[in-house]
Every structure is written in structure tokens, then in C-alpha cells.
Amino acid sequence: MNMEYWGRNQDCRFLFCKLQSLKNSRNDLALYEEHRINLYEWMTVRSEQLSDWDSYQELYQWMVPYGKGASQGQKPPGDPLGDGEVQELLSRGKALLRDLLSGLPVEVFLSSQVNTKEFDSISKIATYFSYEKYRSIPKDTSVLRILVVAEKEKETFRRRHPECEVFSVEEIHQYVSGFYQLDELTYTKLYIDSRYQMLCDQPKIDTLIVGASAARSDFLESCMSSPAVSLGITGLDMYYTWKSVEKALECNPNIKTVVFPMCYYTLFLSFRNHPNPVQQSVMDKIVQPIFESAGPYPFTCSLEKQKDKREPMLDAMVSAEKFCEQYDARITRQLTKLPYYNQQFYQRPANGQNTYCFRDKSAPQNSRAVEVLIQMQERLFRESNAGENTVYLEELMKLLQRKKISLLVVIPPVTDYYQKASNPKYHDFFYQTLAPMIQQYGFSVLDYYESDLFSYEDYVDYDHLNEKGARKLSKLVSGHCDQ
């Protein structure tokens, strides 16, 4: 690459125009591609020569046509690059800016209109100064200096101090809050955190409801006869059910009863089958953060940081992670006073997770739909998992026996559509496996699988109860806990 030629033309907009003229000519696509690659190489080489704040500003200005607009799916008029190329250029440019900023000391100055507590909540700068001090110090291009002001002052300060960056505390908060996403998995993780917190803070809690989604949807804590918490997590396998009880007993040694809703297929389900995207997501966002371990499984967290959304200059000053942690803590505190389904954060679905109201469908439609559901579920089951899951189940029983805690296994009810489509081998294996354990450990099994106590009006979908059904099951199970 001819660095002398590219070095003389330091305005990247000139290069973009050159690329545009080449791209408009179908005969010069190869030359266009060569120049595009040269542009990226030129940015990289030039960035290696940048060592101070003035250089940062220079590089940032090169990115202006493709900076803020590109991150919102907008492009400058007459843009010579395609959408993918814009994003690639933006990503590379931000990576270069990050590398440059990582070597610069950062000094932050606050105007008198900024609430310091509000700034402290997101700042990762240990020490900051007043704006009055900034006015009295000489310019130093070896230091990154940022002015933080109130929104109403922002434009005035930007005109007054073009030599440095000016941000309002409001736009900083808007920036960091943009990284916070309260999806269902994150919400579930915070809910489980709140339950462990309750176990630590409320020694009167003496009942645990553990396991997979049935522990969450088919029971209501408030309808149990004694203080209870539910630790149900979608798709939770036998190993982590055992570990969830172990962790709960570390928080609260006063537990007297563990209610464990099991499906006939529970012993076939394991997080070892992690290629499934549902299991991977549950492992990434809930299980690993809570238990701080992948257990015996060959897992690595697959979540990617949102690097392309990050602004390097703001990242040098504030921490989106710090903001998210504080927001998580706030929600967790609120959830200690709320059930999983509530009006404030997450309402119970009226018609299943996919808003499919089976009660409005014909019998043939329901039969076909439940066949598809079971086929999807069975993709997660492996007979090879049964051996290790039986070991984990027995470890759970040994733990409860040592602690003199009662175990109540509950088979929740399902609709007759689900019953007819299910493979009977799961039922047979379940009882064959549990029979010797029941004799050895003396626990009870309540099987409501085919119970006629529940009607279609008690279900949210084919194999989960709605609030009415959960209230009914909770009272039934509570009656056995009291005996």
C-alpha cells in the first residue's frame, strides 16, 4: 500500500468519495475492493501514530459521517458503502478508538449543576474535579478531559470548550440504561436471587418448592400452608435441582419440607445436551450466574458483549455494567415482596407462553398441536442421561435425610391431550427407578398426572396450570405437607 499517498489525504471523506466513484463503475469493482481494504489498513496504521487527545479527536472526526447515524441504521447522504460495510467500518473504528483511549489518563470535571450522587452511581472514575478547576489548568493533550454538565448547559459548554468532550449527565444515563434489557431469562435470574435473599433474611421460611417450570407455574407460594419459596427455573435438570436445595439450606437451615414437582421424563433431561439453544440460554443467563459454575458439564458462556453499541469515550468514564448491577439489585429487592407473576414486572400469560389458547381450538387441532409440542420436548431427552440423573436424585435424598427434611415428590396434572400423546415409557421408567428409593428414603409421591380434580379451565397450556389451577394444586399439596 502506498502510505505516502494515503497519508497525504487525511480526510476520510475524500476516500469515501473516491470509493463511491469506483463503486459506481461496474468495471472497477476489484479496484474498489482494493481501496476499501486500503482504507481499513490506513486507519489502523494511522491509529498507531496517535498518542494523545488531539489525535483522538482527529480519528473521531474521521468517523463522524459513520458514527452516531450508523449505530441507528442511518447513513450520511451519498454514502458510498453498503450497510454491512458501514457497520464493519464503525466496528473497526471504535476498536481503534478503544485501544487509543486505554492508554490515556482520564480526568472528569463536573459543573455545579450536576448531582454528584447521580454521577457516582454510574462513574468508574474514583476522583473527579469541579469545573472551576478545569478553567485554571493548562491544556494537556496527553490526558483525556471530559466535562459533565446538566442538559440545559450542554450546548453552551460545547461552544465554550471545543477542545474537549462535553456530556450531560442525562445523556450519560440514557447511554448506560440502553444496555439494560430485562428479558424473561434475566427476570427469572433476579427472581431466584430474590428467593435466596428471602431465605437468608426470613428464618421462618420452612418450605422449598424446587425443580423446573412446574415449580414456578403450578404452585403459589402464598397458598402454601407454611412460609414457602419457589426456586423453579425453566428446564432445570436434576443436577442443578440438587444444587439449588444445597444452596438454599446454606441460606436457611430451618427448612422442614422440600416439594419437588417432577415430570415422568425428568430423569431423561440434562443440561449436558447444551447444543439446544433453550438450554444454552438458561445456562448462560440463569444457572451459571446463580451457581457460579458449569457443574459437571462442558459449558462456556456464549453471551457476547454489545461492543458495537458502545461509545469508547463514554466507556472510559462510566460503567454500563455498574449501572446494570445496581438496577438488578433494585429489582431483586422489589421481588422479595412479589410473586413471580405480578402486575409490576411480569404478568402470568393468559394462554401459554405463545398466546395459543387451546380451549378455543377443536379436538383435532389440539391433538396435532400437542404432538408437535411433545416432539419438541423429546429432542431434549436422552436415555443416556438417566444414569447420572438417578445418582443426582439419590444425592438429593441423602442430603435431605441427613438434615431430617421431608421430601414430597409431586407429579403435576396435565391435560388429557398431553396424556394421550405422551410416551408411556417415561412413566414406567420413572416408577421403576423411584420404587427402591421410596423404600430406602421413605418419601411420598403425589401423582396428579391424570387427576380429574382439574378441568381445562385450570390450565394455561397443555402441561402447565394457570393461577386458578396453581392455587388448587398448592392447597392440595399443602394438606399433605401438614400431615
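Entry 1, whole chain. I looked up contact range: of the contacts in the chain with a separation of 6 or more, 72% are between residues 24 or more positions apart, where contact means heavy atoms within 4.5 Å. The model is predicted, so I note that local features need pLDDT of at least 70 and side-chain atom pairs count only at pLDDT 80 or more, while totals for chains, interfaces and linings use all residues. Residues are numbered from 1 along each chain as its sequence is written, and side-chain values use heavy atoms, without hydrogens and water.

I found 21 helices and 11 strands in the chain; these are DSSP runs numbered from the N terminus (helices H or I, at least four residues; strands E, at least two). The chain has 483 residues, and 50% of them are buried (under 20% relative accessible area, with a 1.4 Å probe and protein chains only).

I located Leu 407 in strand E8, residues 406-411. Leu 407 counts as buried because its relative accessibility is 10%. Beyond its neighbours within four places in sequence, I list Val 258, Phe 260, Met 397, Leu 400, Phe 443 and Ser 444 as contacts of Leu 407. I also checked Val 259: its C-alpha is 6.1 Å from that of Leu 407, across 148 residues of sequence.

I placed Ser 244 in helix H13, residues 238-251. Ser 244 is buried because its relative accessible area is 2%. With neighbours within four places in sequence left aside, Ser 244 contacts Tyr 196, Val 210, Leu 231 and Phe 291.
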